[in-house]
Amino acid sequence: MSDGGPEASRFARLRLVPGVGAAGLQLLRAARVHVVGAGAMGGPALLYLAQAGVGTLFVDDGEDVDAGGAGAWLYDPQQAGRPRLFAAAEVLGRASRFTRIRGYASDAAPTATLVCAQREPVARAASERARLAGLAHVVAFGDGEGGGVVTIPSGAPCIRCAVEPGARFPLRPAAAAALGTLAAVELLLVVARLLPGKGAGRRTDLLDGWPSTRPTARRPGCDCHVVY
Amino acid sequence: MITLRGRTVLVVGAGGLGGPALLALASAGVGRVVLAESGAVQDSDLAGQPLFLEAELGEPRGAAAARRLAALAPGLEVEVVAAFGEETAAGLVRAADLVVDGSNHFPTMFHANDAALAAGKPLLHGGLLHFTLHLLTVLPGATGCLRCLFEGPPSPGPEPGLLGPLAGLGGALLGAEAVRLLEGRPGAYAGRLLVHEARSGRSRAVPLKPRPGCPACGPVQGARAAGAGALA
């Protein structure tokens, strides 16, 4: 990215964040991020990743737009019943002209993955696929008024090590947006190589509005250090 | 019992913090917002302010925000006011159930603080500097306020860097906090400042009691028994 021109003007304030600079912007520009889920968590995350100048976003969502919840920050009620993938691509294209928006396909070749699926089995399967592909990824999971975000650089403890499966409460909209934005922050830190601790994973829980972060640890017997 | 649909929230600013707070309030089903915003949409706003689209560059931010909110949440009533300052703040705050301050302009933050305390209305304050997010809920008569923390606005400096989604997190958390208070639940940041540093992941709580001699808090301490800070 040059020092002048439209991109320099757009991302001037992001560039000023300590550690980002021109190199960080270039890393974001080169990133190809697979985003699983474009609902209440994924909608805000997609919007921020597009506005932050991530080069390509692959939207991966097989559901239709439903009414309510301020449309996951993306969809107006007139789009109800339309595939989220198309509706999201349209809005994200209007939000930033610097990001390519594509539907996810098997030949997409992403460089990182963000998992914001509402259903836990879908999230776990997407996380496992990213791990096996050796991709850094971030997984958001909701639970009532809170939830958590797990950051998994390549080789770090996996989602099975970080989050016990279990019943969770339906996610409230404001909490969903908070988790989606938190997941987007983590993904940007990973992509721009700003996460402290080389290759270390971490989990941030959001409980009653308070974020609390701790390192993740490999569960005894888990073979997640093996990438095929 | 008044539902969220019957509540009015005054939001100061539609930018990095105010924009996501407005979207969170709309998502939660709040009935009415009054948006105090006077700027125009600038190119750098589109790197981290979710209410604005490419086609709206140069437009008044208030009008652009209201249009987007109307499209996403048609049930939400949005009123835009351009002026929020020493002379207008008191009336706007009195007419709302609570105030969300998403401004990045120091004098405006202190106008919001002083007007909320004078009117006995809860104030939700957010601030952001690089990787650090600050959130505080001020309950008049019960907690310290912005002037207990900083006696007055600091001197303006150069525009700091902004990580868009971190501001989004702050705005979404402010919106969730507003919903908590509007539903009659305790505020998560009432009397304790949340300081969250995104890169290290460290969060800490800074207790904030009313400071003796605070020019904004002092006059309302006696009003606590009368229920100031509680929602009707």
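## The sheet of chain B

Let's start with the sheet: in chain B, eight strands make an open sheet with mixed pairing, in the order 3-2-1-4-5-6-7-8. Strands are DSSP runs of E with at least two residues, helices are runs of H or I with at least four, and both are numbered from the N terminus. Two strands pair if DSSP finds at least two bridges between them. The edges belong to strand 3 (77-81) and strand 8 (202-207) of chain B; each has a single partner strand, so one side of each lacks a neighbour in the sheet. From one strand to the next, the twist averages 15 degrees.

This is a predicted model: local features need pLDDT of at least 70 and side-chain atom pairs count only at pLDDT 80 or more, while totals for chains, interfaces and linings use all residues. Residues are numbered from 1 along each chain as its sequence is written, and chains are lettered from A and ligands numbered from 1 in the order in which they are written.

## A closer look at two neighbours

Strand 6 (residues 132-138) and strand 7 of chain B pair in the antiparallel sense over four bridges. Opposite Thr132(B) stands Glu197(B), in strand 7 of chain B.

## Where chain B meets chain A

Here 45 residues of chain B are in contact with 47 residues of chain A (contact means C-beta atoms, placed from the backbone, within 7 Å). Helix 1 (18-28), helix 2 (61-72), helix 6 (164-182) and strand 7 (192-197) of chain B each supply at least two residues of the side of chain B that touches chain A. Which helix gives the most to that side? Helix 6 of chain B does, with eleven residues.

How values were computed. Contact = placed C-beta atoms within 7 Å. Axes fitted to C-alpha atoms, helices over the stretch in contact; angles between N-to-C directions.
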